[in-house]
Number of protein chains: 2
Amino acid sequence: MVLDAVRECVLAVGVRRTTLTDVAKRAGVSRMTLYRRYPDVDALIRDLVAREFGAMVRAARDSARGGVHARARLVATAAGIAGRVRRDELVRRIVGVDPELVLPYVLDRLGGPQRIAVAAFADAIAAGQGDGSVRPGDPQQLAHVVLLLVQPFGISAGAVTGTLTEADLDRELKAALDGYLRP
Amino acid sequence: MVLDAVRECVLAVGVRRTTLTDVAKRAGVSRMTLYRRYPDVDALIRDLVAREFGAMVRAARDSARGGVHARARLVATAAGIAGRVRRDELVRRIVGVDPELVLPYVLDRLGGPQRIAVAAFADAIAAGQGDGSVRPGDPQQLAHVVLLLVQPFGISAGAVTGTLTEADLDRELKAALDGYLRP
């Protein structure tokens, strides 16, 4: 599969040093075949990141199914996404080798994964307002705030690991989100 | 004053293009005099950032003095710092011209300003545990969590300004911090 080949390339050499030729070779397809679907490496990386992040969101949501109300499920899902991002081999590799690629999405604008997360949070917030477990407010706005609160627990944990363990980060993020969303 | 000269240089050309020679010229001191106190531009920038950030923390704390208990003062101080960072001309210039300089402090380790903020938060948390307005927990750990929660409201606001205004960011950060710290 092409995206598996991209993933292997990124794990091996990082994003910047991955080429369409390498990916084609690893995937066992011709460069032309690949080129017809993906004009450049950026497009490949975008699809890979969307696939991987989508899978993290689904896994986090699945393991949060048991929550007693929509807020509990949302809190568990959001903390689950942060934990998965924090531990993800591909994220760690990108942040380690090509950190400057992450920068625009921290400072300037939302990337694909952030928009996926915001959409998932907004749905869950609307559901929580429906069952009375989430405080009132525009779901889109609340979802963007939840993104701001969650994001550093996914990508900035390295700055605080001397003080906060993996379990601390998970527990405290849940406390913060629950406190923020409670009616 | 030397640090005022550094500030002018950074506002004019960014961090990377600021040189000791430019700073000496603007400050009206000889290059040797400057060099004796500051071995390189990095040291100058560090002192400037510490001065500017220290002033933001003090201003935020001063305008939060009226809070009814330590938690209210801490929440107002933390949101005040985030707002000041967000609107600060120097921060905007550094993030605009040399964003890669900010990156290590987002991903890897705490810089001087973050340590100043954590120390201020930890003191306020201990005071809040003293007057019963902040929930129990190790003040150092809680202070690091507060940093993670506050930081994106200072530096990542650009990614969400289509959805959240300045006033929204301020109000929602206060709601999140209050929810997190309430006993």
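Before the first stop, one term: a salt bridge here is a side-chain nitrogen of Lys or Arg within 4 Å of a carboxyl oxygen of Asp or Glu. This is a predicted model, where local features need pLDDT of at least 70, side-chain atom pairs count only at pLDDT 80 or more, and totals for chains, interfaces and linings use all residues. Residues are numbered from 1 along each chain as its sequence is written, chains are lettered from A and ligands numbered from 1 in the order in which they are written, and side-chain values use heavy atoms, with hydrogens and water left out.

**Stop 1: a bridge between the chains**

Select Glu172(A) and Arg135(B). Their side chains form a salt bridge, 2.6 Å from N to O. How many salt bridges does the rule find across the interface of chain B and chain A? It finds two. Twelve residue pairs across this interface are also in polar contact, both residues being at pLDDT 80 or more. (A polar contact is a pair of N or O atoms within 3.5 Å; within protein, one must be able to donate a hydrogen and the other to accept it, and residues adjacent in sequence count only if both atoms are side-chain atoms.)

Now colour the helices of chain B.

**Stop 2: the whole interface**

(Contact means heavy atoms within 4.5 Å.) The two chains bury about 3200 Å² between them, 70% of it on carbon and sulfur atoms. On the chain B side, pick out Leu107(B), Gln141(B) and Leu148(B), which lose the most area to chain A, together 20% of what that side buries. (Buried area is the accessible area, with a 1.4 Å probe, that two parts lose on being put together, summed over both.)

**Stop 3: the axis**

Turn the model by 180°: that rotation, with 0.0 Å of shift along its axis, superposes chain B on chain A (RMSD 0.0 Å). The two copies are thus related as by a two-fold rotation axis. (The least-squares superposition uses the C-alpha atoms of residues with pLDDT of at least 70 in both copies.) Which residue of chain B comes closest to the rotation axis? Select Gly179(B), whose C-alpha is at 1.9 Å. The same surface serves both copies, as 100% of the contact residues of chain B recur in chain A.

**Stop 4: inside chain B**

Go back to helix H9 of chain B and click Leu147(B). Is Leu147(B) buried or exposed? Leu147(B) is buried, with a relative accessible area of 6%. (Buried means under 20% relative accessible area, exposed over 50%, partly exposed in between, using a 1.4 Å probe and protein chains only.) Leaving out residues up to four places away in sequence, Leu147(B) touches Leu110(B), Gln114(B), Ala117(B), Val118(B) and Phe121(B). Ala117(B) is 30 residues from Leu147(B) in sequence, and their C-alpha atoms are 7.2 Å apart.

Next, select Arg87(B) and Glu166(B), a salt bridge with its closest N and O atoms 2.6 Å apart. This pair links distant parts of the chain, since Arg87(B) sits in helix H5 (residues 70-87) and Glu166(B) in helix H10, 79 residues apart. Arg87(B) is partly exposed at 48% relative accessible area, and Glu166(B) is partly exposed at 35%.

**Stop 5: over in chain A**

Pick Asp168(A) and Arg171(A), whose side chains meet in a salt bridge (3.1 Å, N to O). These two are three residues apart in helix H10 (residues 166-181) of chain A, so about one helical turn separates them. Asp168(A) is buried at 10% relative accessible area, while Arg171(A) is partly exposed at 41%.

Finish at Thr18(A), in the loop between H1 and helix H2 (20-27) of chain A. Thr18(A) counts as buried, at 4% relative accessibility. The side chain of Thr18(A) reaches the backbone oxygen of Gly14(A) at 2.7 Å.

Terms used. Copies are superposed by least squares on the C-alpha atoms of residues with pLDDT of at least 70 in both. Helices (H or I, at least four residues) and strands (E, at least two) are DSSP runs, numbered from the N terminus.
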